[in-house]
Amino acid sequence: MSIVRLVDDVATYDDVSPLTAQQRFTRTFLQHRLSVISAAYLLLLPMVALFGEYFLVHDPIEVDLAHVLEGPSAEHLLGTDHLGRSTLSRLVVATGVALKAAALAVGIAIVLGAPLGLLSGYFGGWWDRTAMRIVEAIIALPGLLVAIAILAILGPSLTNAMIALGLAISTAFFRLMRGAAIEVKEELYIDAARVSGASTLRIVFRHVLPNVTGPLTVQTTLAFSQVLLAEAGLSFIGLGVQPPEASWGVMLSVAQNYIYQHPFMAVPPGIMIMLTVLAFNLFGDGLRDALARVDTSPPAPVRKTKTGRTSSTPNEGNRTSVLSIENLHVQFRQPAGEDLEVVTDVSFSVPAGRTVGLVGESGCGKSVTAMAIMGLLPDNGHASDGVIYFAGRELTSLSETALNQIRGEEIGMIFQGPMSSLNPAFTVKNQIAETICRHKGITWRDAEKRAIALLERVGIPDANARANDYPHQFSGGMAQRVMIAIALSCEPRLLIADEPTTALDVTIQGQVLDLLTSLQQERGMSILLITHDLGVVADMCDEAVVMYAGQVVEQGPVNDVLLEARHPYTAGLLASMPRNEVRSGKLPQIPGRVPPAWAWPAGCRFHPRCPHATERCKLPIDLQQPDPHHQVRCILAGKPPGGNH
Amino acid sequence: MLTVEDLRVYFHVKRGLMGRRSYDVRAVDGVSFGLAHGQTLGLVGESGSGKSTIGRALLRLVGIHSGTIQLNGTDVRELRGRMLDFRRDLQAIFQDPYSLLNPSMIVADIVGEPLTIHYGLKGRQRDERVAQLLDQVGLATYHMERYPSEFSGGQRQRIAVARAIALEPQIIICDEAISALDVSTQSQVINLLKELQERLGLAYLFIAHDLAVVRHISDQIAVLYLGRIMEMGPAELICSAPRHPYTQLLISAIPVADPIEQKKRKAARSQLPPSELPSATNPPDGCPFHTRCPQAVSRCRNEVPLPRQVRPGEIVACHLID
Amino acid sequence: MLPLRSLLLPLAMLLAGCSPPHNPQIDEHVIKLATGTPLQTFDPHLADSGSSFSTYLTLVYDGLVEANPDSHWRPLPGLARTWRWLNETTIEFELIQGVTFTDGAPFDANVAKANIDRMLKLAGPRVNTVATIKETEVIDNFTFRIHLHRTDPTLLGNLTGPTGMMISPAAFEDESLDLRPVGSGPWRYDAANSTLGDVHRFVPRENYHGDANPSGAPLQIHVLENARARLNALISGQVNIAILSAVEAGPAKDRGFAIQRRANRWYGITYLDRRGELVPELADPRVRRAIGFAIDRKAITDAVFFGYAKPTGQPMFDDLGQDPELDTYYRYDPDHARRLLQSAGVERLSFVVPIISTDSPLYEAVQHYLRQVGIDIRLEVVERGSLGALARTRTYPVNTLTYPTFGPDSRHPAIWGTNAVFNPFNVHGPRIDALAEEAGTSLDEALRARNYRDYYHIIVKDAYSTVILQLEDLVAYDADVLDKVRIGYVTPILRHMTVKQGVGSP
Amino acid sequence: MTKLIVSRIAGLVPMLLVVSFLTFGMLHMVPGDVRDRILGTEATAAQYEALGEKLGLNDPFLVQYGRWLWRALQGDLGTSAYNSRKVTDAVMDTLPVTLSLTIGGMFIGIVIGVPSGILAGLNRGSTIDRVAVLIATVGQALPNFWVAMLLIVPLALWWRIFPATGFVSPLENFSGWIMSIALASTALGTSASAALARQTRGAIIDVLQRDYIRTARAKGLPRRLVTFKHALKNAAIPLITTIGFQVNGLLGGALIVEQVFGLNGFGNLAIESVRTQNIPMMQGVVIMGALVIVAVNLVVDIMYGYVNPKVRTS
């Protein structure tokens, strides 16, 4: 295939996300309504400080001893202070002081902390250790006491207080930048830059710095709120801004003196501090969320009801099947826009005592299907249509409690990353025993005994002692054996194994597969094996279900599917798998890639990548049945696929 | 062109109070190999075998304990001022498509950076060259203005390739360059690499854990285990008739997509005793593989087997092979 | 409000571990004073004569000579029964008998001599006040003399302060004397049950020789730096007498507490640069007088100090040389002020005034009034306690130190004299120097009064300083519990205060 | 575990050395001379010199530091610049007040913050969550001394439920102690509880997205068990660190809130020392403050190790 052809493929599905990075940032930020309001408020604030005076009815220094300590009135909207000055006017003046002060302190903190932290983190070594020791020590010093001590050296004044605060807060910037630099330093693109001969200076400024500006910006906004609070505190105890200069803290400090005569005086500056700090915090929150790669905003909750069930009469299906899925649809609620369907009309069944392989590349809906069976879809996902029968019960309509009776007891499940799937805070014995205890209703002691026996069975050497170990003390292969022990602890009828060996070394993979096989023979359970590796399917499965873009495109006995693949996708996958065979020119390849769910084409979802595609393929295609046990979603199903082999 | 002799990379590990219990982890423990123009050497091994460390040592990204690395007759370890030329000749592509590209730079800057550093290319000149490079790896000119987050894994890997070939290097080190990709994308990238090799006369040091993939692209293969080469020789020879028990194990462990064939392999495999990969921090004495070797004899436990030539162009480190 | 309260109270009691809150009635017979003055030292020879002295030292020590506001701070018999000037430079004291220190040592002339001698030897804040003492001499067990280098009419006055306090000689060498006083006063300091800087407890001495502390009440002094916290303590019953500032007086009165007040300190602008080196206009007395006329003292007194101050143009309260006429000399007359400025050829005037932040409201008000007549003062806040140091330098043209409203003898060498401590520009004042010199070396009270009266007329009318007001020291107390409350300098005079009979006896 | 504690304590030694050096060095730079205060302004140069000799002010900086450190190690932080009061005594007199407030604030912070954070985190996106997040966000923005002022007016001045000032030692009268710190602790606790609620919520949400929670649910464990066993223990790990960080903030806050209640605590001592340039006192205050924080962090570290098996077993 020529390179020119590749360009066309790529152009077909251009982007991972329909949004560019900036668009996504803007959109996420704008979704935070409070953050937007805060940003507007924060933009307004310096305006008020700069130009507010021109709009004031009362001069902020206009003393009127005949009207001291008055409450709000039409004349003085926020009342007057102890010298009869308008509190509103004073507040406007104080805004400028507070902002200037905060900017100074934050500026000092950034200038002092950020570059040092960046360099310290990037270079590491003794310089970093020394700097870190000092920073740790400064952090161990109570911040406010340090500020007070610095004021002792410099004398109390606004500037000095801000220098002190800036020094105290600079450690936060130092640590942030250091941590970020250390993290970025480990990124491969830094290695790539070094490999291409970029100088250290270039790496620090072109590669490290731009990637830490996000957290730096967030930290800056948070530092502003910290400084504003600290300035208010210091001024309040008389070590910061000194009257007659007015800051919010000073105004509070004065108000405190008149709290008996005029408690209201404490309200406006307090609210002003609160609002501004709040705005900085909310703005920072919004920034952080917008900069985060994953969306952390709460997902819209999903109604747990199904819309228009196609087959409402319970079809017992294949009597010999343990699990039978019919016309399953899974949809995910989007933060904005319509629900996204990620699994469309999936039907297959798992016969008793057999192993069914669910195959496909990432993004094809394999794992989502498995999670739908378990009732463990994320909060924003739901089975919108279809039925799942397990041992005579329909799972999608079961309550959480009823599902809990099935999960773990009748259906066991193992996952791809054994390490992350085990709870790091509990011993493996505990994690096995709790499952047994929960479902079998035996004593904890007995459950523990069984847990140890299980660990022995799954091939953990010295199981008795290792049962008391924590997950992180196991290797990946051993951890997966522990997961298997958990999944099989209640002797389930069905085991769902979601990419159980993908994270393991190939020699360990064989051992785990063998363990599963021998356990299956011993207990007669069914296995639904989810994998992208057709070799693993061949190794383990009796039947194979191939999924592409949320649909089943081919299914049947494993020999039929793998040896006589009818669907061009299956055929393409098989062909492009590098085999341990004599090398002959280029690997066959499927052009393009699996499109993301929002970009699934109409008709046959594979047709843009299919070498045999025709106009007909742009219309929906049902599953065809060329052989009694073999189903294919392709108009060419009857003919054996060619060309791509 | 590239000769590596008795390369050793140790990592110093500190443990306990004030780091009093410290020891060396021998990530690479005496590895020698060579790589000729336009050839591909595959480095295969499971996790902890030290294969990636070798690549990083060649790139001078990790310190070398001992051994020599010669590129065109120059000892890389002694390079100081002329580092840039060495960089030009030796480039790399790494595994993780998400960490590979600087998320805050656009493609034009990522691919163009080496051009700026080495040739001082800027502005339009640079962009023209970048467009050429992108074209070579199957990306379009309009991609230049985009950020890495806007690309799929396969596309990112293409960008990385474009960057790597920008300086027309002699050697590219591909460190698990395709492991994170989907099957259909994997073959696309492998084909791209092979095509570029033909056109540009590149040599690859292709590091991967999947022997089947490595076989497909390599002329020579070195099988690594716990920092040592177990077997090294022509790819076809090693994959079709492996001599070392570890290579045999590795090959037999790769599942094939043929159910009939695989059932046989499975039956053979299940005869083997289960074993665990020893920790690199605490490698076994003698032959590192003896703890898992079905044929191990007492000699294997005590004596480190030295690599020796068993067939033309092939060396094996095993006591059992004469 | 009642339902909420009844709701919250049980909750609070629950919080408090279901037991009724601590009942303050039980130790009601204790005099509990809240003050803002922390204890500096119990060693009178190292203490200064400020509020720490009057709050703490007067409880545990007796002075040779006593003084109180009732006597207009004139010397009264203390440990010295009588005294007489033998000549211009020698004074003889006759001491009372039967006085013992808390360590059991008796007080006699040798002890008195030892005390004065110790002070002469120690380099401390007393150096100035004992500068005129040449030597001491014991005549007999209860008679001793002080010989002076020169006539010093302030000697007796000084002896009413820490200078005249008598320590048991056994304690002289005790390093911890500053925290473990050994005196002969009406109370003994209960160091074991005191927490420095927080609460200081004093136990009445049995068989005290004098008539102080007639009710024999124990004493607790709570240090609460913030005046509002002191008011809070008073209101919530933690103390029964509290030193307040003007802001808190109203609320205390509203809650039924009795108030004692006394103008003890004057506030105002002292012109250091009377020769006009920094601000030429200030050399003209008309400009300084204009400032005096521009300020509405009554308005400031009412608004800023809630009436707890005396609007006045003069620095004296009721001491030697005081002339009521000077109180009203500077009536509020901005037009007159403008005319004065006009006649001095000053249209706009601007200078910097150093203040401490607590005085800010007062000077912000002053700033306001001066702006009305075209004088723009810039207030520069300086560190608390640094005004004194600044008054010795030529940094600012003026200063805003506050001074006690009594004791003219010490004011001249401190403030206005040609060689005064706070006269950094060395402005000559031959006329006042002469008046003060004559008064300061004479024992003739009439002459002294006449001279000081003339002296203050010059200070006020030539505006060496612009006095704005005399601020009142205030105490608020529970009149149901305490009797005979008199305010002295900063603190109430605890010596004669009594706890009402039958109140809260255990 | 013992090993962990020992190694953590050992690790503190160099840090404390740096802390003490910074503290001593920093306050060494305070302008002015103690001798001015002690001797007044009239002393002769000889007296000045003699006093300097006596106080060791003429020695080089490092000698002074060494001597101070050596005494500090023996529990003697020196003597006040103005009287014979031991700095250690002064610190010990005032520390209980500030510690009480800090502990009270922490208590309120944890008691209110953690459960509401858990509740919000478990019901992410619900009304409860939104309200809790809103309250917490506002709570974090409240200056604690302002809250103190707002609390004191109705509760202490109008209705007199709580004392407006004064500190009662818990050893003397426990309920009195609680009453005496209740308002101040509440004021301090608002921001602490807000911060803790947010952190707890974040930790819970983070943990709930972990694979092992999915495993626990796949095991058929009831939601309650998943939450209270599997989620909470793991969420506690980052939370413990957060609580440690809070202590520093609370201590600082206590210094200010003390002023509102007129309590003679650490803040008062510090401010008074600064105003009077009482350097030995200031040094003592800072170093003791640091010790408190270091001690808290030690406890946090040990608890962290206790909860986190990765630390415990390595």
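## A glutamate in a chain A loop

A:E62 is partly exposed, with a relative accessible area of 36%. In this predicted model, A:E62 sits in the loop that runs between helix 3 (33–55) and helix 4 (87–123) of chain A. Together with A:E53, A:D59 and A:E75, A:E62 makes up a negative surface patch.

## A bridge between chains

Let's turn to charges that do find partners. Side chains of opposite charge can pair when their charged atoms come close. Over all chains, the whole structure holds 67 salt bridges.

One of them joins A:R202 to B:E113, with 2.8 Å between the closest N and O atoms. This pair crosses between chains: A:R202 belongs to helix 9 (residues 200–236) of chain A, and B:E113 to helix 3 (residues 107–119) of chain B. Is B:E113 buried or exposed? B:E113 counts as buried, because its relative accessibility is 1%, and buried means under 20%.

## Pairs within chain D

D:D206 and D:R210 form a salt bridge whose closest N and O atoms lie 2.9 Å apart. D:D206 is partly exposed at 35% relative accessibility, and D:R210 is partly exposed at 39%.

D:D211 and D:R214 also meet in a salt bridge, at 3.9 Å from N to O. They are separated by about one helical turn because they stand three residues apart in helix 9 (residues 211–218) of chain D. D:D211 is partly exposed at 26%, as is D:R214 at 25%.

## A network in chain B

Salt bridges can also be linked up: B:D6, B:R8, B:R26, B:D29 and B:R228 form a network of them.

Methods: Residues numbered from 1 in each chain as written. Chains lettered and ligands numbered in written order. Predicted model: local features only at pLDDT ≥ 70, side-chain atom pairs only at ≥ 80, totals over all residues. Heavy atoms only, no water. Patch = residues over 30% accessible without salt bridge, like charges linked within 9 Å, V, L, I, M, F, W, Y side chains within 5 Å. Areas by Shrake-Rupley, 256 points an atom, 1.4 Å probe, with all protein chains shown as cover. Salt bridge = Lys/Arg side-chain N within 4 Å of Asp/Glu carboxyl O. Lys, Arg positive; Asp, Glu negative; His and termini not counted. Charge placed at Lys NZ, Arg CZ, Asp CG, Glu CD. Helix = DSSP H or I, 4+ residues; strand = E, 2+ residues; numbered from the N terminus. Buried < 20%, exposed > 50% of the residue type's maximum accessible area, 1.4 Å probe, protein only.
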